[in-house]
Every structure is written in C-alpha cells, then in structure tokens.
Amino acid sequence: MKNVFQFFGIATTIILYSSGAIGQNDTLISYNVRTRTITILPPVDDDHLFGLDSTSAFQGAFENAIQLPDDLPGENLYDHSLFTRLTPADHFFDVTSYPIRTAIRMFRYQNDSLKGSCSGIMVSDNMVLTAAHCVFWDRFIKDEFNNLISVKTWAGDSLFVSPAYNNGKNQAELPNSYVKKYYIFKNYYDEVYFEDIALLELNNPIGRQLGWVGITYIVDTLRLRNKIFHKLSYPRTVNPFDSSEVYNGDTLYYNFGRVDFSAYSKQGMLEVKNVSGIPGQSGSSLFFESNGGYYSIGVLNFSNNLVHQGITRSIYYQLKNVIEKNSPVQTYIEDDAITALVYPNPVSRFGVFTFGKTNEMPLNLEIYNSCGQLILIKKAIQSPSIRIDRNELQRGIHFFSVSIDNKVLYKGKFMVL
C-alpha cells in the first residue's frame, strides 16, 4: 500500500493548517439503486492539522504494473498548452497494466440495456470516483399544459462499470461490476452545481484484483506545480472545436502534462488551460505519481479549459469516511487488547504475524484469499508471533482476521508474491 505522505516526507515537512469551519462541511447523500431510497450521511470532523492527506494506493493482485511518463511532454501538444492531445491508450500501454486498468468506463443500465455514460477511476476495493452530474441531473419533460419542467433524475436502474474498456469490448481477464449505491454531496443535490463529485459503491470488490489510485488533497499546491498529471478517459462524440476528431466512447484514451492551480485555493477548481473536454470524459481524474503510487486530485466537470472539481480538504474527509467505512475489507479494531502486523509485506519466503500486546487468551488466525475463501487457519495461538511459510499461501492479496472465542478483534490484509 502506498500513501502520498511517503513522497512528501510528512515526518519533517508537515504544514500546519486548521480551520474553524467544521460546521460548514457539506454532507453526503447515499442513493440505494435497488430500494431507490436516500440516506443522508452526517458530515465528519475534518479539523486536522495536516496540510495534506491521502488514502492508500494499491497495485492489485494482478501483476504488470508500469511507470507512466514523468517528464514534460515535448510533442503532440494542444496549442498554447503543456498537455498532450488525446491518443488511444493502447498506443502506449497494455491497458490491463496498473494503473491503466483502474480507468473505468461507465454504462447506464436501464430497461435491460446498457448505454454509454461517463468515465471514472477505482479509488478502493469497491469504490469508483467520478462526477456527480454523471449520476444525477435535471431532465426536462412536458407537463399537462405542454410546458417544459425540470425533474431531477438518478442515472438509470443502475450503473455498470468496466475497467480498461477498449476497442468496444471488456477485457476478459479483468473483473467488472454493477453499482449498488451512489454518493453525492447535498450541495449538488440541492443546487446542481456545487461539489460536482461522486463515489460509486460496487456490488463486487473488483479493486482487489485491479488495484486502485488513492485520493488526496494538498493545501500547498506549490508542491504539485511541476508534477506531471495523467488522464484516462472515454470521449464519445465529435470534438465540438475540431470536427476531424471523432470519438464514440468505445476506446480508452490517454493524455498527460501540466495543470494550472490558480483557481484551486479560492474555488477548488483545477484547469488545463487552452484544452477543451469532450462528452464522455466527464468524471475522469487528474492523477499523479508519488513514491510508486498514483493519486487523484480532482475529476472533470466542464469542457472549457478542462475544468476539474478539485478534491479540497473538506471534500476529501467526507469521501475518505465513505471509502473507509464501506470497504468490505477495511482494517479495524473492535478491541484495543490485540493488534496484528505482517512482516515482511509483501510476503516472499515467509510471513511473520506479530500481535501487538501479549495475549492472555489463545488467539485464532484465519487467512482468506482474494475471493473470500478460507485457505488457512491457525488455532490456539498463545505466543506473541507466528510464522507462516510461503508454500502455505497463494499468490496475490490476502485478508486475515484475529479472533478469540469467535469474536473478531482485528482484520487486515497483506500481499503474497
């Protein structure tokens, strides 16, 4: 697991940043697509002293991770811009590699058919980051007097997500999923234009295999002004500013370059000057590399100057709360009497599980594979550590639980090479 703090040396370069506006944080709305019901989630406290934070980035159980370009592009640029033109991703990469495979093509499922929608990106084992206007918008219909009226509408009967969808087909080796919940901010639900950002909770935790990018906010954007940002998206119409560029949404495109942060601190917006977006790209992320992991800092909302809703400090902590509380494998402790660590992680020849406090009662250790199947159990552990040989485990991500008398005290995850 990677965290952006590792790159920025947070142990020695913490920026103190505090806000008294906790009460002004917006809340999230959760929409259950099966029951068609709405739940309002209370805002969480984001009164942190850190000037940056990030959720984890993870390469997934599949292999084939690659390094994206980290130098300023010198060719194929938009006019008066430091960002490259859209090019099919498979011209540069194997689209099933990480992080390319985290790019999500969204389809609206309605009346037993699928219709292309927006772009997104995996940000946890079961969450996709996209734009709110991709899941909730105003639809105009005629009333009994033939007048047009606006009706707020959720996206279809559900959404279907396909990773690295390319050349009109799913990747056979990559998993996909339907969506069971949408999360958008109440400001957007009420006003339709504030905080245009959303999370999609999936039926299946496909991120375990695919991996995911983290999400981050950074107060001191000077740290990012010279970084290279990447974009993976699914444009699906003719470019309104260049009729020679024709897209139909069936191919994954890639471009990269520099980003303008001038509107970020005041309006929470990120721009790519002199570049225009194309329908279908909505919801795609701007993300960057840090210490081997990739992190999203905003999603595309408006075409002109490729305007993105930035993941500001207040947005970040609400999204982080949903990601962590709704992950089916999120590490948690129900009793502070026991903690557990795996060393080394990833495991190559053997793994040692150490328990943070001397256990007075025998512990049980259960290990599961990425499909949730129990593959190993060690009972009545009374020592402060236990060694597991590599030949007892399968390649890929694993999950474990520590329990006493059927009461789970700790859950975690680790990787086996």
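I take two strands as paired if DSSP finds at least two bridges between them. Strands (E, at least two residues) and helices (H or I, at least four) are DSSP runs numbered from the N terminus.

**Entry 1: the model.** I note that this is a predicted model, in which local features need pLDDT of at least 70, side-chain atom pairs count only at pLDDT 80 or more, and totals for chains, interfaces and linings use all residues. Residues are numbered from 1 along each chain as its sequence is written, and side-chain values use heavy atoms, with hydrogens and water left out.

**Entry 2: strand E20.** I looked up residues 293-302, which form E20. Of its 10 residues, 9 are buried (under 20% relative accessible area; exposed is over 50%, partly exposed in between; 1.4 Å probe, protein chains only).

**Entry 3: partners of E20.** I found Gly214 opposite Tyr295 in E20; strand E13 (residues 214-218) runs parallel to E20, joined by 2 bridges. With E19 (residues 285-290), E20 pairs in the antiparallel sense over 6 bridges, and Ser290 stands opposite Gly293. In the hairpin of E20 and E21, 4 residues lie between the strands.

**Entry 4: Ile377.** I located Ile377 in strand E26 (residues 374-381). Ile377 is partly exposed, at 36% relative accessible area. Beyond its neighbours within four places in sequence, Ile377 is in contact (heavy atoms within 4.5 Å) with Leu365 and Glu366.
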